[in-house]
Amino acid sequence: MRVLGIECTAHTFGLGVIDDTYNVLIDERQTYQPKEGIVPREAAKFHKENANRLLEELDLDNIDLIGISSGPGLPPCLNFGVDFAKNLAKKLDRPIIGVNHCQAHIEVGKVFCGVEDPLVLYISGGNTQIIYNNRGYKILGETQDIGLGNAFDKLGRKVGLKFPAGPKIESLAKKGKFILLPYSVKGMDLNFSGILTEAMRKIEKGEKKEDVLHSFQEVCFSMLAEVCERALAATDKKELLLVGGVVQNQRLQEVLRRMCEDRGANFYVVPKEYAGDNGVMIALTALINWKEEKRIEPKVNPNWRIDSI
Ligand code: ATP
Ligand code: FE2
């Protein structure tokens with residue numbers, strides 16, 4: 001069985017094909033690079049301009065199933081992606097199912113790390129959630145305002161870095177020293193907008209950018225370590241899996257690996273090439289859901305939460 005996955009929820013248009021033993025046969029991506037923040041309509045226009053060309057370059061023979069990420073995401077991107085996928089399914093005369101983008105970030109981590117039932121820390125542009133499976137995914141804690149990736153990108157813009165700012169912040173942060181920034185954990189939930197505002201204010205006041213970026217990382221990652229440690233204790237899970245674009249950050253991995261070592265939990269990180277948005281994770285999740293006979297309708301759902309699947 002061959003499955004095509006189409007990712008089109010935000011900045012990346014991705015096409016991935018896998019077989020039924022999760023071998024990756026095709027993995028193509030095009031990422032929209034905004035000058036400022038993402039403009040949803042411009043992102044959708046970018047996807048429209050690239051989708052057919054990308055499709056024509058691929059050999060899509062023997063596709064048995066199509067998966068499309070139908071939410072959560074930016075409405076203009078989702079609308080285009082779902083229409084595109086439905087038209088393709090009609091043309092190829094193949095079944096199509098909807099895939100939750102957050103579930104896809106998790107499944108790709110579980111399959112490629114070979115871990116079945118971990119506590120999951122999912123950190124991407126729009127999301128920051130601590131998730132576990134108890135007859136369906138449940139959210140134990142999450143950001144109450146913005147996703148950590150978006151906070152990185154906003155702070156990056158303030159110091160003149162282009163999207164995505166995360167990797168450049170990570171390297172500048174290595175040269176900084178620690179200054180105090182506000183730490184905000186409420187129960188199992190996190191807040192990043194307070195620390196972001198204060199970090200931007202410190203930049204405006206002429207504080208060294210390396211110091212602000214270093215401290216921003218240290219405080220945010222400590223907040224995540226606290227919440228994850230409490231979640232491991234509460235669920236009695238022995239494994240922590242990190243997924244989503246932000247988890248490529250080596251310092252974040254170091255902080256959470258150390259916490260896991262201290263409490264004897266196994267630590268896993270999704271492979272770097274599948275941390276950010278891609279079509280392979282959509283194909284893989286479509287296959288898993290198909291095998292479990294979960295035939296989700298490919299309907300645009302911009303606010304689709306993982307705990308409502
Ligand atoms: P969502 O999954 O919530 O829809 P998304 O799909 O936009 O969000 P991803 O593609 O998973 O997010 O991740 C992109 C984010 O990861 C960007 O905000 C980017 O700045 C951030 N990021 C990438 N590398 C790093 C890094 N090394 N350190 C911190 N952040 C990083
Ligand atoms: Fe994502």
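Modeller: Helices here are DSSP runs of H or I with at least four residues, strands are runs of E with at least two, and both are numbered from the N terminus. Residues are numbered from 1 along each chain as its sequence is written, chains are lettered from A and ligands numbered from 1 in the order in which they are written, and side-chain values use heavy atoms, with hydrogens and water left out. This is a predicted model, in which local features need pLDDT of at least 70 and side-chain atom pairs count only at pLDDT 80 or more, while totals for chains, interfaces and linings use all residues.

Biologist: Which helices each supply at least two residues of the shell around ligand 1?

Modeller: A residue is near a molecule if one of its heavy atoms lies within 4 Å of it. By that rule ligand 1 has 24 residues around it, of which Tyr122, Ser124, Asn127, Asp153 and Asp277 come nearest. The helices you ask about are α3 (101-113), α4 (148-158) and α5 (166-173). Domain 1 (2-105 + 274-308) and domain 2 (117-272) both give residues to this shell, so ligand 1 lies between them; the domain bounds come from an automatic or database assignment.

Biologist: Which atoms lie 2.8 Å, 3.1 Å and 3.2 Å from an oxygen atom of ligand 1?

Modeller: Here we look for polar contacts, which are pairs of N or O atoms within 3.5 Å (within protein, one must be able to donate a hydrogen and the other to accept it, and residues adjacent in sequence count only if both atoms are side-chain atoms). A polar side-chain atom of Asn127 lies at 2.8 Å, a backbone N or O atom of Gly125 at 3.1 Å, and a backbone N or O atom of Gly166 at 3.2 Å. Taken alone, ligand 1 exposes 650 Å², and the protein buries 92% of that, with areas from the Shrake-Rupley method and a 1.4 Å probe.

Biologist: Is Ser215 buried or exposed?

Modeller: Buried means under 20% relative accessible area, exposed over 50%, and partly exposed in between (1.4 Å probe, protein chains only). Ser215, in helix α7, has a relative accessible area of 0% and is therefore buried, and its side chain reaches the backbone nitrogen of Ile179 at 2.9 Å. By contrast, Asn134, in the loop between β7 (128-133) and β8 (137-142), counts as partly exposed because its relative accessibility is 36%.

Biologist: Which residues touch the most other members of the largest nonpolar core?

Modeller: In soluble globular proteins, nonpolar side chains tend to be buried together. A nonpolar core is a set of buried Ala, Val, Leu, Ile, Met, Phe, Trp, Tyr and Cys residues joined through side-chain atoms within 4.5 Å. The largest one here has 79 residues, and those you ask about are Leu121, Leu148, Phe216, Leu224, Leu240 and Leu256.

Biologist: Where are the peptide bonds that are cis?

Modeller: Most residues other than glycine have a negative phi, and most peptide bonds are trans. The bond from Gly71 to Pro72 is cis, with omega near -5°, and so is the bond from Phe163 to Pro164, with omega near -10°. Pro72 is in the loop between β4 (65-71) and α2 (75-92), whereas Pro164 is in the loop between α4 and α5. As for phi, Tyr22 has a positive value near 65°, and Asp236 has a positive phi of about 65° although it is not a glycine.
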